[in-house]
Each structure stands twice: as C-alpha cells, then as structure tokens.
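Subject: The structure, and what turned up in it

Hi,

Here is the structure I promised to pass on to you. Please have a look at it first, and then read my notes below.

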Amino acid sequence: MKKKWWQKEVVYQIYPRSFQDSNGDGIGDLQGIISRLDYLKDLGITSLWLCPIFKSPMDDNGYDISDYLDIADEFGTMDDLKQLIAESQKRQIKIILDLVINHTSDEHPWFQEALKDPKSPYHDYYIFKEGKEVPNNWRSVFGGSVWEKVKGRDEYYLHSFSKKQPDLNWENPQLRKELYQMINTWLDMGIAGFRVDAITYIKKDLYFQSLESDGVDGLAKCTKAVRNQAGIEKFLDELKEETFKKHDCMTVAEAAGIRYDQLNEFIGDDGFFSMIFDFKYADLDIASGSEWFKRIPWSVADLRKRIFDSQLNVQKYGWAANFIENHDQPRATTKYLLQYERNSDAVKMLGAMYFFLKGTPFIYQGQELGMINFKRDSIDDFNDISSIDQYYRSMEEGYSKEEALEFVNLRSRDNARTPFPWDKNNGFSTHSPWLKQNNNDNEINVQNQINDNQSILSFYKEMINFRQNSQYSDCLIYGSIEPIEVENNEVIAYRRQYNDMMIDCYFSFSNQAMEIK
C-alpha cells in the first residue's frame, strides 16, 4: 500500500463539552481546548478529532446540527475555532472535525422550510410519507418508531435516531450538492479531515415495508432497512469524488454494518475513505450494538479472535482506525479488564495491546489516565438519550429496575462523557458541570499522574514516542501483522514485520505468571 501521511498519525478524540471549561458555565469549550494544547503536545499526539461543535439544540449533544457552518454558542465562535487551528498548527497538531450528514436537527432551516410548505424544494431534502397511519414498524436506534407525525398534516418524517434528528434524503441530487459544498468549505479552511458519522445510514430500503418484529414493542430494528443498503456505493463514491479526493485529507468512517468482503470498496486503493472503525470487537459483550440488555458472556479468546479477524481482513485491502474507547463506548478499563479495572499494569497492557496493532491509533480523552466507568444510582443521573431509552426498554423486555440500571451503568455513553479530571478537585470548571462527574476523580486525574514516571499517563507518553520516534517506528507503523498462536487463552500475541525487522508482542490478561508455548 502506498504510504499516506495519515498512517503515521496518533489521533486524540475530544468531547468538547467535557474537556475544559474556560468561561465558568460548566460546559467545555474551544478556548478550554486551546488552553490545554501544551498538555496534548506533551502527550505526543499529532491530530485532534473534535466531536461536533456546530450550532445545535443539543438533543443528542451536537449530533443534531442546525447550522453546518457556524459554531454552537456554548463552544465559542468561528474566530475561536480559527485560533484553535492556528495554535494547533504551531504545535504540529492537525484538526479533524466530525461530519454528520445522515441527518440534521429538526431546527435546521432546511427542515423548518420543509415543515412550513410541503411544496418547498426543501421538503425533498428529507424523507416524508403521506398517510393517516405510521408507514411501517421500524424502530429507531434511540427507541420508538422511526416515524414522527407532522403536526396538522397526514404526513410522517423518518428519523433513524432521535425524533429531533430527521434523516436527509440522499436520493435528492440538490441536497447532495449542498452537502459537498459545505464539506469543501471546511477543507478549504484548513481542516485536515473528518470522522464521518453514521455514514452507512444514508441509503434506505425504498420499499419501506414492515419487518418481522424483534421486540415486545412490536417493532423491528431499523438497521435492517436503513443501514448499508444496496446502492449506497453510488452515494459514497460521489461524496469522495466531489470532496475528499480534491483535498489530501484524512477520512475515518463510522461504518457500522459493513461486511469484511466490502472492505475493498470502503478502504481499498480507490476506496471511499482513508480508514474505518470496526466495532466487532468493541461490541463483544452485547448481542446487538444498540440493545445493551442483550448481554452475552465473552472470553479473552473471543476478543483475540475478533481483533485478528478485523486486522487480517482490513490488512488485505487498506488501513484500520484502531480504538478501544470513544464517546459512544463505555470505558475500556471496565469493559475489558473487569475486576482489574484499577490495576495500572492491566490498564497499561490493554493500552499497548491495541496501540501496536496495524493502523492509526485513536486515544479517547481520559483513556491515557485509565479512567473507569461510573456507578449511577438513578436513571435521573443520566443525560444520554440512548441510555434512558435502553433503561425503559430493558424493563419492557421483562428485566427488573435494578437489572435495567445495571445494563445502563455498564454500557452508557455517559461513562465516557463525564468531565475530564485535571486535578483532585476535577479542574474542569469553576461551575457545576453539565454532567455529573465520575465518582473516582480524586484518584484518577492528571495532577496525580503527570510527574509520576510509573503512571498510566507516563506510560502512554512513552508508548506514543516509541511508535512515532524510535528505531522501530517503521515496523510498528507500516509493518504487516500476523497472529502468534499461543495455547494460553488469556494471552493475545502478534508479530509486526517490516523488511528484515520483526517485533513479537505478547499481552497477558491474567494476573498470574505463565509460560508461553
């Protein structure tokens, strides 16, 4: 594979609401990020991925965009973003934005015009169906029907996610043209690329037929009909040709639902994107990525198989985006290490295990500190709309209130969205934060770790520097990967090889000494 600049990147994901508040309103902002750039530079990362910072009513914390070309007031201004880009460039750090083009907010001017006048050209920017009855039994990712009735009309609009996130109609060429123009505007401004949100949802099954129910609510998961549908390749190829290909940018697709035999189209030499996230090993503890109450047992051997299935299939065609945490996942420490979540040696092992896989590593804010899940005692303490839906759906499916709360505590997206712990008093804001803090901030924070050369934070710095700046860098970045077969089911092992250099990597999930065979 031809070498590309983004293969050498180490990407740090920031959830802006929770990283650093600069103006004392309890919400993180762009000036807060600017004030912490030296911390990020010292960590060694080379790119920042910012979760959405655009104008939004924040029904889904910014993934419901009301203006693609303006900044949400709580995060700052366009001048603040330009300052962030400039200050980051001084530190050789690139900025990657979140690109949300499957849906908008229902407060976007396009949708408001569509509601006002069904004959408006903007009405065809979204997916509406006429009728007195709900068009079909599809269930949205966030629960309930995908269809919301338009007030005063016998008409429904489709939303794969929240009812305040109406899906865009990608069948409309004028809509696509407007989106491409917006994307190119950002790239011309100096953005290095995008993480592309929910992109496999842009093509729907246009028959809109009901499906066999898979829940007590009588509904069926919409993903069977609105995700990775035949014909999506036409839209994705056009998106690439009209935007990404015209710039030397990095694109990372949230491509849930694609099969490994589709990887060449998605990330091959002329693929739609630079790389994709593969969620198959991230969701090994649940039967469905959107139904947390369907828990399944797993072993380290299961994790090993999923990781190598992913690595070997991706390696055939292109490049991986490797991660163990993000804004939609619980903390990896709790999920993968279980009772060893607070064991610093275990946390370091887990970090190195994924970090040296083949691909571009992504670090989510707080991961470098070994942050763990919280324990909430009431559903009232949750902000995430998906968590609230899963709580009530669990009880509908026959689980107790206590069991439902446990499912949500284990998988809630709020686990990763709690304010970043800068010091023993949190240090995130002088104000009460927008989301209740984690209940272990006094132990896990930057102040406790930054001057401790045995800390998890120091380990991450050393690990990043080892990949980026050592005599082994070419092997760790560009080298092939193959599993090393071991008899012990608590070990994940692999070999990285580049020209005449070989690096064998062994990672034990056990707290017992063992002999490797």
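What follows is a short tour of the strands, helices and single residues I looked at.

Please keep in mind that this is a predicted model.

Strands of a sheet pair through backbone hydrogen bonds, either parallel or antiparallel. Strand β5 (residues 94-100) pairs with β10 in the parallel sense, over five bridges.

**A three-stranded sheet**

There is also an open sheet of three strands, in the order β6-β9-β8, with antiparallel pairing. Its edge strands are β6 (128-130) and β8 (147-149), each of which pairs on one side only. On average, neighbouring strands of this sheet are turned by 30° against each other, direction ignored. Between β8 and β9 (residues 155-158) the antiparallel pairing runs over three bridges, and E148 stands opposite Y157 of β9.

**Two helix pairs**

Helix α5 (residues 173-188) meets helix α7 (residues 232-242), and their axes come within 10 Å and cross at roughly 40°. Because of that angle, α5 counts as oblique to α7. The crossing is right-handed. On the α5 side the contact is made by R176, Y180, I183 and N184, and on the α7 side by K234, F235, E238, L239 and E242.

The other pair is helix α11 (residues 344-355) with helix α15 (residues 456-469), which pack at an angle of about 25° with their axes 10 Å apart. That angle is why α11 counts as roughly parallel to α15. Here too, α11 passes α15 in a right-handed crossing. From α11, the residues S344, V347, K348, G351, A352, Y354 and F355 take part, and they meet I456, F459, Y460, M463, I464 and R467 of α15.

N184 lies in α5 and has a relative accessibility of 15%, so N184 counts as buried. A polar atom of the N184 side chain lies 3.0 Å from the backbone oxygen of E242. Leaving out residues up to four places away in sequence, N184 touches E242, T243 and H247.

N445 sits in the loop between α13 (401-411) and α14 (446-449). Is N445 buried or exposed? With a relative accessible area of 0%, N445 is buried. The N445 side chain reaches the backbone nitrogen of N448 at 2.8 Å. Beyond four places in sequence, N445 touches L369, P421, W422, D423 and K424.

N448 itself belongs to helix α14. Its relative accessible area is 40%, so N448 is partly exposed. With residues up to four places away set aside, N448 touches N442 and E443. For a sense of distance, N448 and F244 are 204 residues apart in sequence and 42 Å apart in space, C-alpha to C-alpha.

Most residues other than glycine have a negative phi, and most peptide bonds are trans. N61 has a positive phi of about 50° although it is not a glycine. You will find N61 in the loop between β3 (54-55) and β4 (67-71), where N61 is buried at a relative accessible area of 6%.

Q92 also has a positive phi, of about 60°, and is not a glycine either. Q92 is placed in the loop between α3 (78-90) and β5. Where N61 is buried, Q92 is exposed, with a relative accessible area of 51%.

Best wishes

Key. Residues numbered from 1 in each chain as written. Predicted model: local features only at pLDDT ≥ 70, side-chain atom pairs only at ≥ 80, totals over all residues. Heavy atoms only, no water. Helix = DSSP H or I, 4+ residues; strand = E, 2+ residues; numbered from the N terminus. Buried < 20%, exposed > 50% of the residue type's maximum accessible area, 1.4 Å probe, protein only. Polar contact = N/O pair within 3.5 Å; in protein donor to acceptor, adjacent residues only side chain to side chain. Contact = heavy atoms within 4.5 Å. Pairing = 2+ DSSP bridges. Axes fitted to C-alpha atoms, helices over the stretch in contact; angles between N-to-C directions. Parallel < 35°, antiparallel > 145°, perpendicular 65-115°, else oblique. Left-handed = near helix turned anticlockwise from the far one by under 90°.
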